[in-house]
Each structure stands twice: as structure tokens, then as C-alpha cells.
Amino acid sequence: MSEPTHNLESNSENLGIAEPYQHLYVVIEHEEGIPVPISLEMLGEARRLMDNFNKKYSSNEKVVAVVLGDNVRHLCDDLIKSGADVVVYANHPSLRHYTNLLYTKIICQIVEDKNVAGSISPIGYENYKKPRYMFFSADNTGRHLSSTVMAQLESGLASDINKLVISDLEIRHEHKTKGQLAKYDKTLEMYRPDFSGFLWTTILCLDNRNPAIAREYHPQSCSIIPGVFEPITKEDQRTGTFIDFEPRISDEDLRVKVLSRNIIKSTIDFESCKIIVSYGRGIRDSPEENFKLIEEFAKSLNAEIGVSLPISKRPYQTKDQHLLSYMVPERVIGTSGRKVSPVVYIAIGISGAVQHIAGMKESGFVVVINPDTDAAFRDECDLFIRGRMEQVLPVLTELIKKHMLTIEKRA
Amino acid sequence: MGRYDCMPVRPLNVGVIVKLEPDFSEGNVSYNPDGTLNRAETKNILGPHSAAATLAAFYCKVKYDARVAIGTMGPPIANQALRQAQIISNADELHLYSDRIFAGADTLATAEVLRLGVSRMNNGLGADIVISGHRASDGETGQTGPQTAWKLGYPFIGNVIDFHIDQESRSIQATRFISLYGFYDVIEEIQAPLPVFISADPSYKPSFNTVSERLSLARNLNEARSKADNYEKYLQVYNSEGLGADPSFVGLPGSPTIVYKVEKIPKARAKRRVEFIDGNDAAQLETVAKKLLQLMTEVPIK
């Protein structure tokens, strides 16, 4: 509900007076006690941001990892070594598997708890209300969890972020500031690539300073794309605080039950193949014919076939069932699909949107086939074959077959 | 044991929230020279994820003889999405939540409108199950569904690929598909009492197996076509006042977030040293073929 916006940001000049919104909380995801990679990536970025923050504002706000599960105490050391100052963990048999309802409630209990805030930092925690910033993963779980947690905390959320900056901004906004210029200190600029991958939108979560609709919007939070931020190198000597949080669970909170949970292996095996051949909207002139060339080429290299995101939305009218079976979300390489790192990655008719690059940049050797040498991919590849796939692929496939034969004869 | 109630099974009320989106299919989508979407030239349709949600409602219609209401927030043109959704689902009610003060809403302020809308669905009875798509193709945040669920007080179950309702115990059993991006994938079975909010996974596809289901399917498909011909008859339009919205919780005032700036993503500093090959030069392609084979054969296959 609306509350007066008294001295909300003005106290950056009055160091020592505790602010109602403090620290950066990172919601950790793990699978049966092993943190998923994005968790450590978020901690790495949180560490870098808060180190700069504390230096710039002469403050001592913390990176707080929040982890829920059954018997997760053993995770805590790893999270500290990976950049957290504090780990708040909640152990309970009911928390073994994620359910949105229960996890949302417990996370909100933790981040709104004054005593927890006091254990994180004893200075002036009496004023503590909510986190200053919060990070979640932009995967299936974190995307939903971030949404419901922010609906409960009634604050703003930006999704699929790949760059973060903290700065003091002067804002003039019709509603937020009633058209007046206002200073918003310690604002988290959240950069989000749009669906095309070529535009970057900066999202801010700002309190309403307009007296008619005054409201405080904290934490400033976002979900972060897996695979874009670097984890820090683990430091064994790093120490931190562990807080054992006793979750308050009612029968109502347990009404969603996980009956079973099975790990499945994808039928498409990107992990054990050495070469991946991916194609994108460049096949558009004659999808069926071009796909035949791509398939033949991939076969000659014993490669698995991937696609860019637009292809999975089946942008072409075709009755070719075989082709359609290769235009599916399971084959998408990128932030909306799989992250791969083969020995060789070959991108055919793909422009190189940031989301796609994030899914393949760890590949060993990258080859691009594209008529447009200005395509964004040119900065992310080792070989750029300038040409149309209709011309390049038949020749290249024949050459590979020919040389393959020689290799086999020699052996 | 031997449960037999004189009371008939309570009818199932379903609500769906959908969105009118740019049509990304070839021939309809238009891109600017810099690779960004040309919104003026691109047609709008019921988004594919909204269509999956609508199919899930149709499944309830065919299998459980449910009453279906479909709602969307948007300008009057969003009617198109409702009409398309009615063809898919044979919906009984179409809701358009439209008001100039809703414009510019972020996901939280949108969820507030949808929460109020759902409570007016099905003659004011609301919904036992609310279904949304996975995420919109243009906004792509995937936040609106779960936030609407939370505001309704319904548990949210995401990425549903299959579900069944037990009308007697008034509960749902749902199968979820969870991708952990390079870790592995998980299939999960969930059980929860109604009411619930589910999001249909993009891969959701209903199946109708028994004879009675197939008969019901045929009847509903016919009905859907004739209903959609007169879709205005089923349309209810609500403005902010009609929904009883608090103006400070919707539109721009109710949105914690703003778009501060939009810019082209600068080209990343080249991490690799690119060598250009002329695709029409067979001799150059030969070196490529040799290089690829060398990389392929030197490293042992896992």
C-alpha cells in the first residue's frame, strides 16, 4: 500500500542512518544440492556490482544468497566462495522440490524478516523493510518465482537481463515525478535485449514520487539470462555468515504436491556430438530445398542440427513433415533453448542475435555461412564464408565427402 | 468408498488470458534494415502461446463440458485475438479489458487488470482454472501469468504439457516440463486442489481418445464456428470503472517499472579473429573442408 516517501533516497548523504531497503539478495537455484550454473553467475555479477557500490557510496551492503531445500546446509560454503557475504538457508522436507506457492512464501518471509536483516548487518536494521535489489534466474523456475515474489512484495521486475549498472539518475517522468526533475540515487539500470536481439531496452524500477500516487517500489529486481555473466574464481579463503532460517509453513502452503519428478535425457544429443550445424531464417527463399542441403552437409560431418529461435516458431508454410520435425523448440540454440559448446559450430543463415550467441559462444571453432558480411556473427566466428548456402553447401559437402574417403582409405 | 452423491457434479469454469501479438510468420512479419521488428508493417494475431492456452481450455470444454471465458487487455483491436480464440475453444464469453488509462502498464499493472477481469468471468463466478500461455512472443517476459495467479490467490503451475481434472474431488493433476538449460530436463507430476492457475507449455497438445470425447469434439468444433461468426454477441467490454479498478494500481501509476531508454545493442568487441572466405572460390572452400575434417578427426569422439 502507499506510504509517504519521506527521505527515501536523501539519506545517502547521511551515512550511518540505515535505509529501509538494503542489500542485494540472490535467489539460488540448485538441483539436488548442486547449484545450477546461473546461480554462480548471478553471485559473480552481484559481487562485482556490490564491491563497486560499497566503494562508491562508502557503505557496507551485502550480497545475500537465499537457498531453499531439504538439507542444503552443505551448499553454503560454496556460495560464499562464489561471492556471497551471507547465505540464508531454509531447510525443510517440504522444500525438497520447488513448488511456486511454498517457495514464494518462504522467500518473502526471508527477505522481509527484520531479524534476518539484523543478522546480515546489525547497523540500523530496525528500519529495514525489504531488499534494495534482488536477482533471480531467467529459467523456467526463476522466471515464475521472480514474478510471484514481486507480486507479493508489490514491486517491479525486469526479465531476461544481460547487463546491469548502478547509477544516480535524474529522471523526469509524467507519472513517477509528475513531470518534475527528480534524483533517483542507487538506481539499478537493467538492460534487456528484445526478441530481435538487436535492441537493448533499459528498464528501471522507480518509486512513485508524484504525491497523488506516491508509492515505494522496492526491491528493484530482475531475472538474469543464464550464460551471460561470469562467475568469480572461487576463493577458498573467503568467509561469510550463515543464517539458518526456520520457515513458517501452513497446511494451505502445502496444497500443491509434487507426486513424482523424473530427469529425462533429450532425444537430441547436443552434448556428445563434436560438430553442430545450425540454421536460421536465411533458408527462407526455399526452405525445403535449403534444408535438404543443410541435412546432407550435417550428415557428411556426422553433426547434430540446431536452429535459431525464429525457426522454432515455424515461420514458413510447409507440409514437409521431416522439415517440420527440425523446426522445434528442442533444437533451439540460445538463451531460449540450449547452451552448447561443440568442437566446431557452423551457423548457416543466422544473423547472430545476442540470445543465439549466448548459447554457442563457448564453442571451439566457429564457422559462419552468410551472404551478408555485416551480420553480427562476423565478430563471433573464426571463419566467415561469404556466400549463399545454395552455392556454398553443395560444393563444401562434396569436398568433405571426397577428403573423408581419403582419410578412411588411409586408415 | 461407494461415493455417490445426489448432487450433480459442479460445472467447471475455465478462464483464459490471451494476447494479440505480432505475427512472426514469414510473409506477415516485417523487419527493418537494422534487424528490428517493423511494427507498423507486421500483422497482429492471437499469439502462438495464447493459442496453446486456448487449446487447453478447449480440452476442458470437450472433456469436462466446461464453461470457458477468454479475456484480454488491450486496445479495441484486440477483439481479433478474442475472435480467433473463440474459433479454437468454442468459448462462451469473450472479455475485452480496454481503457486508455491501462496503456503503458508493466506486468504488475497488467496482472491487476487481469485479476479483476477473471473475477468477472463466467457470469461473475470467476474461474476454477485460469490458463495462460507460456510467454508472449513480443514482450516475452512470461511474468504476467504468474503475477495474475498470485494476485488471485491461486497457486501457479507453469509449463504444463498435460493435465486432468477430477471433478468430484475438485483437483487437478498436471504434468510439467522443466528445461534446466544444459543441465537436463525434468518431467514433474503435480497435484493441487482447484482453483489453480496453469500456463500451457508451448508444446501442449490435447488428445481426444474415447468415442464420447470425439463426438464432443465434433460438436464443439461446429458450435465454435457458428459462435465466432457472431462473436460480438459473446463480447463483453470492461473499462477501468466497469472492473472497479483502483486507478493507482493500473496503467502507468500502477507500474513500478519504466522503460528508461532503448538503444541498438553495440557490437561486441570481437573475441575471435575472423578470416573471410569467398564462398564462390572452390580452392578456398577446400581449405575449409580440410580444416573441418582435421578438427573432427583429431579430437577423439566422446
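1. Which strands of chain A does helix α3 (residues 100-111) lie across? In this predicted model, α3(A) lies across β1 (21-27), β4, β5, β6 (130-137) and β12 of chain A. The helix runs at about 145 degrees to β4(A). A quick note on terms: helices (H or I, at least four residues) and strands (E, at least two) are DSSP runs, numbered from the N terminus. Axes are lines fitted to C-alpha atoms, for helices over the stretch in contact, and angles run from 0 to 180 degrees between N-to-C directions. Contact between two residues means that their C-beta atoms, placed from the backbone, lie within 7 Å.

2. Some bookkeeping before going on. Residues are numbered from 1 along each chain as its sequence is written, while chains are lettered from A and ligands numbered from 1 in the order in which they are written. Since the model is predicted, local features need pLDDT of at least 70 and side-chain atom pairs count only at pLDDT 80 or more, whereas totals for chains, interfaces and linings use all residues.

3. Now the sheet under that helix. Seven strands of chain A make an open sheet, ordered β7-β11-β6-β1-β4-β5-β12, with parallel pairing; two strands pair if DSSP finds at least two bridges between them. At the edges sit β7 (157-161) and β12 (241-245) of chain A, each pairing on one side only. On average, neighbouring strands of this sheet are turned by 25 degrees against each other, direction ignored. Looking at one pair, β4 (residues 63-69) and β5 (residues 86-91) of chain A run parallel and share six bridges. A:V64 has A:V86 in β5(A) as its bridge partner.

4. On to domains. Chain A splits into domain 1 (10-254) and domain 2 (275-410), with bounds that come from an automatic or database domain assignment. Their C-alpha centres are 38 Å apart. Nine residues from domain 1 of chain A and seven residues from domain 2 of chain A make the contact. The domain 1 side consists of five nonpolar, four polar and no charged residues. Here Ala, Val, Leu, Ile, Met, Phe, Trp, Tyr, Cys and Pro count as nonpolar, Asp, Glu, Lys and Arg as charged, and the others, Gly among them, as polar.

5. α6(A) passes α10(A) in a left-handed crossing; that is, the near helix is turned anticlockwise from the far one by less than a right angle, with clockwise giving right-handed. Contact residues include A:L293, A:I294 and A:F297 of α6(A) and A:L393, A:L396 and A:I400 of α10(A). By class, the contact of α6(A) with α10(A) comprises nine nonpolar, three polar and three charged residues.

6. Chain B has two helix pairs to compare by eye. Helices α1 (residues 48-64) and α5 (residues 211-229) of chain B pack at about 120 degrees with axes 8 Å apart, and are therefore oblique to each other. Their crossing is right-handed. B:K61, B:V62 and B:K63 of α1(B) meet B:E213, B:S216, B:L217 and B:N220 of α5(B). The other pair is α3 (residues 107-119) and α4 (residues 144-152) of chain B, with axes coming within 8 Å and crossing at roughly 55 degrees. That crossing is also right-handed, and the contact of α3(B) with α4(B) has five nonpolar, five polar and three charged residues.

7. Between the chains, 92 residues from chain A and 83 residues from chain B are in contact. On the chain A side there are 47 nonpolar, 25 polar and 20 charged residues. Strand pairing crosses the chains too: β13 (residues 257-264) of chain A and β9 (residues 185-193) of chain B run antiparallel, joined by seven bridges. A:K257 faces B:Q191 in β9(B).

8. Finally, some backbone spots to check. The A:H218 to A:P219 peptide bond is cis, with omega about 0 degrees, and A:P219 is in the loop between β10 (199-205) and β11 (220-224) of chain A. Chain B has a cis bond from B:L194 to B:P195, omega near 0 degrees. A:K186, not a glycine, has a positive phi of about 55 degrees and lies in strand β9 (residues 181-193) of chain A.

Definitions and conventions
Angles under 35 degrees count as roughly parallel, over 145 as roughly antiparallel, 65 to 115 as roughly perpendicular and the rest as oblique.
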